[in-house]
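Subject: A structure for you to look at

Hello,

I am passing on a structure that I would like you to read alongside these notes. Please keep it open while you go through them.

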Amino acid sequence: MTRILDVRQKILKQNDETARAMRARFHDAGTFVCDLVSSPGAGKTELLTYTMRELRERGMTCAAVVGDLATNNDAERLATSGAPAKQILTGTMCHLEADMVAESIRGWDLSTLDALFIENVGNLVCPATWDLGADKRILLFPVTEGEDKPLKYPTLINTADLVIINKLDLAEAVGFDRELAIHNVERVRPDVPVLELSVRNNAGLEAWMNWVVHHVAADVPVAPAEASSF
Amino acid sequence: MHELSIAQNLVQLVEATAAEHQVMAVRSVRVRIGALSGVVGFALESAFGLVREGTVCAGASLDIEDVPVRIACPNCGSVTVNDLTFMLCPNCGRASSELLSGRELEIASIEVDESDCGCAASESVAALARC
């Protein structure tokens with residue numbers, strides 16, 4: 001005789017609970033949080049370094065945490081923006097999980113931060129499943145990866161709130177078909193906003209900064225009486 | 001290979017449930033995996049095979065229920081999408097960003113041997129009710 005025990009729970013229940021608690025904490029502190037995902041070498045660090053420098057020049061405060069398997073290189077590059085950047089060394093882990101982010105920001109006074117950027121491990125598969133407590137997930141596709149990348153990774157793109165077609169300065173050199181790429185993004189993720197930019201050529205950056213600043217401005221701190229005690 | 005991490009979470013949940021019900025061994029674990037969950041069934045099975053050793057799941061099989069992607073079409077209502085690269089209504093072609101199912105990554109139930117269930121062995125009605 002066997003017996004069936006009904007469980008009906010999310011397998012990543014623990015991760016989701018940590019992510020939910022962090023999201024509440026970010027919300028209470030008025031910190032806008034982005035999770036950046038892409039393949040390795042898509043330009044996440046360069047875009048974030050530019051963005052954090054620009055936000056600081058506009059009088060806003062920001063910081064970044066960045067996942068990498070083995071080096072501190074990305075945190076060092078991000079720190080050149082003048083904003084604090086902390087490396088999360090994942091060892092052999094191919095993605096960030098909520099408790100890794102929670103641990104890396106332990107003790108931080110989030111009320112001093114207008115924005116926090118989480119740069120995920122470069123990977124177009126594994127990060128899809130893990131909620132990190134961010135407000136928005138941004139997916140970068142550099143033109144060098146070809147127009148069909150969105151079709152090859154439907155799972156990750158389906159979790160994206162914004163798609164950035166990056167490294168526009170290389171589009172001509174690689175014969176990038178812009179319309180086909182955008183068509184493919186829309187096929188897999190209808191209605192997702194798409195921005196095209198290049199930090200090197202100063203292309204599309206105004207629209208990008210407007211997007212960031214708009215969300216930072218919308219994310220104001222909750223009055224102390226309403227704030228969560230987490 | 002993020003399935004390894006997922007399998008660890010899965011086994012921890014089963015262990016917690018088993019402890020709650022005083023179960024010493026689990027025969028099978030039923031999970032529901034959405035086509036957009038980012039988890040591959042056979043990879044999860046391999047990972048489960050590795051992490052179950054030394055736990056209540058040591059002799060357990062993994063029973064996977066695949067959950068299709070369903071979107072809300074403004075014209076046709078709830079429709080199933082079989083091609084993940086075309087998140088459009090397969091009947092009328094309308095786009096929809098409203099996902100009704102497909103992201104599931106859930107443990108549905110576990111099957112245990114009656115003799116392994118402390119509740120069943122007990123005469124206590126209250127303990128039975130916990131099952």
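How do the residues of the lining of the second largest pocket divide into nonpolar, polar and charged? They divide into 6 nonpolar, 8 polar and 9 charged, where Ala, Val, Leu, Ile, Met, Phe, Trp, Tyr, Cys and Pro count as nonpolar, Asp, Glu, Lys and Arg as charged, and the others, Gly among them, as polar.

Before going on, please note that this is a predicted model, in which local features need pLDDT of at least 70 and side-chain atom pairs count only at pLDDT 80 or more, while totals for chains, interfaces and linings use all residues. Residues are numbered from 1 along each chain as its sequence is written, chains are lettered from A and ligands numbered from 1 in the order in which they are written, and side-chain values use heavy atoms, with hydrogens and water left out.

A pocket here is an open set of points on a 1 Å grid over the protein atoms alone, where a 1.4 Å probe fits and protein lies on both sides within 12 Å along at least five of seven lines; its lining residues have an atom within 4 Å of a point. The second largest pocket holds about 320 Å³ of space, a volume being the space filled by probe spheres set on points joined across faces, edges and corners. Its lining has 23 residues, and Gly41(A), Ala42(A), Gly43(A), Lys44(A) and Arg77(A) lie nearest its centre. Helix 2 of chain A gives the largest share of this lining, 3 residues; helices (H or I, at least four residues) and strands (E, at least two) are DSSP runs, numbered from the N terminus.

The largest pocket holds about 670 Å³. Of its 28 lining residues, the closest to the centre are Ala128(A), Thr129(A), Asp131(A), Thr159(A) and Arg103(B). Its lining has 9 nonpolar, 5 polar and 14 charged residues, and helix 1 of chain A supplies the largest share, 3 residues.

Turning to how the chains meet, the contact (heavy atoms within 4.5 Å) takes 41 residues from chain B and 31 residues from chain A. Together the two chains bury about 3,100 Å², 59% of it on carbon and sulfur atoms, where buried area is the accessible area (1.4 Å probe) lost on putting two parts together, summed over both. Of the area that chain B buries against chain A, His2(B), Thr85(B) and Glu114(B) supply 18%, more than any other three residues.

Lastly, just after helix 1 of chain B, Gln22(B) takes a positive phi of about 55°.

Best wishes
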